Amino acid sequence: MRQGSPASRKAGGGAFGLGLMLALGFGLSGCIGYDGDFDRGYVADQRTMDQVKIGSTTKPQALALMGTPSTTSTVGGDAWYYIGQKMQRSLAFMPATMTDQNVIALYFDKNGKVERIANYGMQDGKVFDFVSRTTPTGGSEPNFLTNLFKNLLKFS
């Protein structure tokens, strides 16, 4: 065969096409089996939560067990908030959307010991404490939590 003949160009084109197909296949293989559900922020561990005891766990002990809180508040008392969100992304390159969120709150008394534990989430469109099974009412704490959840919903 002479160099540059139609037969040699066709053979070279087939190798190029095969290489292109393989490159596209490897590039798209990252999307196959993509799990678009992930957690952002604090992920609550029940075993760790069980170690936090009301009336006996101090702030340093709570910090060692739970880690650094997402935010703190001194409004109406001393409280630490651990914020966690469940996110979903349909494809690797698409923006994530929030499917669920919760806030674990540790409330401390004047002596720096855990006075109360709450696990806030949304139920029927309202802030709900899944530990005491109640909706917070009155005072500045519910306003703080409501604003916190409304602002968290604005993340994209």
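1. The protein exposes about 10,400 Å², of which carbon and sulfur atoms supply 58%, with accessible areas taken from the Shrake-Rupley method with a 1.4 Å probe, only the protein chains shown counting as cover for residues. This is a predicted model, in which local features need pLDDT of at least 70 and side-chain atom pairs count only at pLDDT 80 or more, while totals for chains, interfaces and linings use all residues. Residues are numbered from 1 along each chain as its sequence is written, and side-chain values use heavy atoms, with hydrogens and water left out.

2. Four helices and six strands are found in the protein, where helices (H or I, at least four residues) and strands (E, at least two) are DSSP runs numbered from the N terminus. Read from the N terminus on, the order of the elements is α-β-α-α-β-β-β-β-β-α.

3. Of the 156 residues in the protein, 27% are buried, meaning under 20% relative accessible area with a 1.4 Å probe and protein chains only. Strand β3 (residues 78-88) is largely enclosed by the rest of the structure, because eight of its 11 residues are buried.

4. Strand β3 pairs in the antiparallel sense with strand β4 (residues 97-108) over 11 bridges, where pairing requires that DSSP finds at least two bridges between two strands. Within this pairing, Gly84 has Asn102 in β4 as its bridge partner.

5. Strand β1 (residues 37-41) also pairs with β3 in the antiparallel sense, over five bridges, and Asp37 stands opposite Gln88 in β3. Strand β2 (residues 71-73) runs antiparallel to β3 and is joined to it by three bridges, with Tyr81 in β3 as the bridge partner of Thr71.

Note on methods: Buried < 20%, exposed > 50% of the residue type's maximum accessible area, 1.4 Å probe, protein only.
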